Structure formats: C-alpha cells, structure tokens
Amino acid sequence: MIQTFDRNDRRILDFPAVHPCEGISPATLLESLIKLSNTITSNYQSKSFPTQRKNARETIRQISILSIFFEEIKERISEISDSIALCLSELHITFQKIRFLLEDCTCEGAKALILMKSHSVSTHFQTLTRVIATTLDILLPLNSIGISPEITELVQMLSTQARRPGLMGTDPRDEAALRGVILVLNQFENRFEPDPFTTRRILAHLGIRTWSECRKETRFLGERIRAESDEREVPLLRGLLGFLSYCRGVLFDDCDFNDHDSDGRSDRGFEAISFLSFEDFRCPISLELMTDPVTVSTGQTYDRVSIQKWLKQGSLLCPKTGEKLETADLIPNTNLRKLIQQFCTEYGVSLAKSRKKNRDLSSTILPGSRANAEAIKFLSEYLVLSLGYGTDHQKNKAAYEIRLLAKSNIFNRACLIESGSVPPLLEMCNNPMLQENAVSALLKLSKQPSGQTSILENSGLNPIIEVLKNGVSQESRQTAAAVIFYLSSVHKYRRVIGEHDGIFPSLLEVVKNGTACGKKNSVVAIFALLFHHKNRTRAIEAGAVSILLNLLEASPDKPELQTDALAVLSALADSVDGSVEIVRASSSDLSLILRCLQNVETRAGKEYSVSILHSLCLNCGDDVLDVLSKEASLMSVLYSLLTEGTSHAGRKARSLIKILQKFCETRLSSMIGEVGREQRFVNVR
C-alpha cells in the first residue's frame, strides 16, 4: 500500500516524501508510480511558472517520457527483479519530491518568496534530476525484461541529458529580478524610496499585475511569518512583506474592497467584541493568549515569556506605554490568570495549543527587519498624504489599506498613528461615501494606546458618536460601537465619553435595532462605560434596563449575547436605582432573570444571573425575597452553583441561600407569633 501525506500544513521547500511500504508488490508500486507521473504531467504541464520556468518544463518533460517507460514495464511485470523494484521505489520517492517542488513553484501567494530562494530551488531541481539519472543508470540495460530498443534508447538519452552540466540552473531573468529585489530592500534599509520603474519591473516578472494578486502575496507572507519557527527566516519574510505591502499601497490604483481573508470572511469590519473576550487576554507583545500573566512596574501586564525576551534584548522601557521601568521585577497576576482559565473553560479554548501558537515578539511589536520598518514608514506617510489630499477614491483606498496594515501587528499601527493618520480618518467619517472604511480603520488604531489618545486629542469623540447615531449603514454603526468600547477601556476617558450627549441612547438604539454583531458591540461598550459609577445613572435614565431585558427575552439562542447583557444588568443592579428599575421592568415577578439562571448555557451567564438576584435582595428587600422564596426550583439551582459554578457564583449563591433562609425563618417566626396572639385573644374571650 502506498501511504499519502497531507500537504496542507507543509512548509515551502519541505519535501516529506513517504517511502512505499515494505513488502509492497511490484505491480502495486508500478501502478502508483504511473498514477503519480500522470498526475504531475497533467497538473503542471499547462500551469504558469512565474519563476523557474526552464527547470520546471525540463523536469515535467523527463517525467512524461518516463511515464511511457513505466507503461512498457507494466506489460512485463512478472519479469521485474528485486533490484528493478528497488529502483522503482527510489523513483517513486523522487517523484513525490518533484511534485512538492512544482507545487511550491506554482503556490498562490508564494511568487516573491520562491524568487528570493531561486538558487535553492534550482539546486533542488538539479539534485532531483540527477537522482533520476543515477537510478536509470542502475536500471540500464533493460534487455533482461525485454524492453523495446526504441524505449531503451529513449531512457538512455534521458539519463545522459539529466547529467549534462547546465541543464538545470537559475534563469538569468530570475537572477536579474532577484538582484532587483535585493536592491530595493537595501534602499529601504538606507531610507531611500525605491524607483517605481524598478519595482514595477519586478512585479511584472512575477506576474503580479493587480492589487488582488499583490494582496495574495502579502497574506501568504503574513501566514508564513506567524507559522515560522526558524528565527533566521523572519528578517527575509518581514522584508518581503514590507516591500509588497508598499507596492500594494503605492503602485496599484484600484482596490478590491471585498477582498476575502483565508478563513473565508471578508474584512469588512464586522468585528464582534465581548467584555470578557480573547482580545482582553492577549499579550500586548505576542498578541497571543497569556498563559502566565505578569505585571511590570508601570502596571501593564504581559505574558512572562514575551516580557522576559523583551528585557533580555536590553530594553528597559515598558513595551505598551514607553515609560522607563523602575525595576525588572515581574509580579504574577494571579487574578487575571484565574480569569483566563475561567474564560478558557467557558469557551473551550485550549491553553496547551495557545502555548504552542505563541508568536515571537520580533514578529509583532518589532518590525522584524530594517527593510520592513522603513517600507512601512514610507507607506504610512504615503497613505496619510492620500487621506489628506487625494480624490475620494484614493482616500477610500488609503483607509482600506490602513485597515489591512493595522490589523496585522502593533508596529504597523504605531507607524500609522505616528504618521498622523487619525485626524484625516476622523474627518472622513463625515463623508457617507468614505465612512465605512474610515471608521473601520479607526477601530484597528483604537486598539493601540497611542491611537486612543490621538482620537480623543483630535476631538474624535464627536464624529465617532455621530456615526454611531446616524451612520450610513448598520456595519458603520456597529463598528463605531466597537471603537467606543476600546476608548472606554481607558479609565480617564470613561467619564468624558459618558458625559457626551446622546452616547447611551445611541448605543441602546443599536442594541434595539442593530445586527447581532452591533448589539454585542454596543452592550460591551455600555459595560465598559459603567466602570465609571456616574455612568450607571445615565444608562438607567436612558432606559438601558428595559432594553436589555427585552434583548434577553429575544435572544435565547445567543448565549454570548445573553451573557454580556446579564453582565451589564449585574453592574446596574449594584445600585439601588438599578435594582428598583429591574424589578419594575420585570413586572415584579423576576421570571426572566430566574429563567436565565436556570437555562443560560454559559457559566459566566449563571454567575451574573445569581449576582443580579443577590443585589435585588439587598437593595429591594422583602418584595423581592417574597417572590424568590416562592420559587420552588431556585434552591436546587443555587446549591448546584456551589459545586459547579465559578468561584464568584458560588460565593453569591451561598450568600443568597443564607439571605433566603433568614427571610423564611423570620417570616415563619412572625407567623407563629401571630398565631399565638390570636390564641391568647380567643382564651381571653
């Protein structure tokens, strides 16, 4: 039996050929070899090779000739000796490697990378064809199995040609294009903007003629960088990514605004956030889930491995704030670690897998290469000029480019913010034709502390809230809500945002009538604002309680949205006014909250439900306690939370049980006292 190999996760120029099984019959081996050779010729004979054209065509020609030879042997299968079978097995392995090599040379998005590895690729072609020649030498002469003289002569000629010096080598045109890329990268490193004629000539050689084709190259390189385990490869990959990102943004006038990412979702800004989300637990350096969070002297938290690498490089500045670290001590953040573990349990995230996927800091907060750094700076400056002085089409394209760049890593965001991209993007929010891309670009930049500062310092709150109120599309409004959330994550901005006229009515309008994503973004934005206590009164006055209760009623099949709504209600219920409003809006029977406690799918949702009931009991007293004491199933749910719920839910459940027990005991004592008084009255009569 011939084993197969899944090539989905294979690295470029890695050839994991599988040896034919030991003891395989010559007939099966030959049948597989014929099938493999036919697959190679049929799949790649008509394909376009951006580079390595001569080597690829010659290799395919050799395999097509050998397939004729294999068909001839097939008719004399009974006469095949063990030595011939061994040679066929070696050819099978070689053909697998050739197939991998041809696949890499035609891989979508890998054109530039294959060009940069031209010498290595040519060597692979040369090595594999020589293996074929050596194997054919062992097979010859073929008189023992009666192969026709014509076929024998053909195979002999092929063996001789495969050994000919210069048959395989780097194409002069590839060599010239390679030198051109190296020249451009050196120019970037020395802070010289490359000649457009040179860059266009390189792209033409590679067959990159449109924005979409260039986007495929940058996406492929980004994926390679995230998956790359060899640190020596990162500078080359980063340099190429910077070069092609520059080309995509500067050289191509058109743009595919409906471009799809590799996971099949269009990058249209439909970003759903959660007050308890994966984003909140990402290390600011590696951008991956923190497995061992530690806090530095500036109060910022990082994953231990990432901050240790940062400090080992000699930097004594806080990566996120830029402040000087007073000490290199790392304090374990145990509370955050427990929250992360709770989140992983809640949403089925594997910490073990996250550890394996952690990216090195050089691929996130740092540019990875000098060429990439300068290319991104040139591109950022160009895009900001387009935002300020271009036509509407140029402005829209520049905003979309910023979305793509800011989505990828922290360094790109920092360059774009430093280049002054925020003010023109805020101005573009007022233009209905440009609004969607502008606000989506601002969303990406608002994840960076310097981006949040730039938005607020440039009076950006007004245009963002205007989009939230009157955006041209549901998508624009939901993206504006997400921007509000990220701005509200900064303590000093919560008061300013909360005091803005119409912020809560606008968010609540999206909760009522927006998309599912918009509802979620608005709910978590409200939640973030509630950390400033005066905003709780504003939210209650805007009608948040009744709207959130209606959302709970209408979203039984959306557990994450329910959980977020319950979190906001839990925060509002901490105040007496909030508790009173919840009781009033619930028609005093609290049936909706009780149903959520029993039926919500998430552990966090149950925690917030019991927290709401606990606050209602404390703030509203006997009226609520009387309702809850009559709920027959409540006690069993509360007792289950003691063992199956989160630690916080367990504490709230335990306290609520005691409150209910005390209320029932007090009421029972009162009833017994009343009965006693009635009996004494009867005796007196």
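Helix α21 is mostly covered, with 13 of its 15 residues buried. Keep in mind that this is a predicted model. The helix covers residues 474-488. From its first C-alpha to its last, α21 reaches 21 Å. That is close to the 21 Å expected at 1.5 Å a residue.

Helix α26 takes in residues 544-554, and helix α27 takes in residues 559-573. Their axes lie 10 Å apart and the helices pack at an angle of about 150°. Angles over 145 degrees count as roughly antiparallel, so α26 and α27 are roughly antiparallel to each other. Their crossing is left-handed.

Which residues of α26 and α27 meet? From α26 come Ala544, Val545, Leu548, Leu549, Leu551 and Leu552. From α27 come Leu561, Gln562, Ala565, Leu566, Val568, Leu569 and Leu572. Sorted by class, this contact has 12 nonpolar residues, 1 polar residue and no charged ones. An α-helix has 3.6 residues a turn, so residues three or four places apart point the same way.

The last stop is another pair. Helix α30 (residues 603-620) packs with helix α32 (residues 634-644) at an angle of about 125°, and their axes are 12 Å apart. That angle makes α30 oblique to α32. Here the crossing is left-handed. On the α30 side, the contact is made by Arg603, Lys606, Val610 and Leu613. On the α32 side, Leu634, Leu638, Leu641 and Glu644 take part. By class, the contact of α30 with α32 has 5 nonpolar, no polar and 3 charged residues.

Terms used:
Residues numbered from 1 in each chain as written. Predicted model: local features only at pLDDT ≥ 70, side-chain atom pairs only at ≥ 80, totals over all residues. Heavy atoms only, no water. Axes fitted to C-alpha atoms, helices over the stretch in contact; angles between N-to-C directions. Helix = DSSP H or I, 4+ residues; strand = E, 2+ residues; numbered from the N terminus. Parallel < 35°, antiparallel > 145°, perpendicular 65-115°, else oblique. Left-handed = near helix turned anticlockwise from the far one by under 90°. Contact = heavy atoms within 4.5 Å. Nonpolar A, V, L, I, M, F, W, Y, C, P; charged D, E, K, R; others polar. Expected span 1.5 Å × (residues − 1). Buried < 20%, exposed > 50% of the residue type's maximum accessible area, 1.4 Å probe, protein only.
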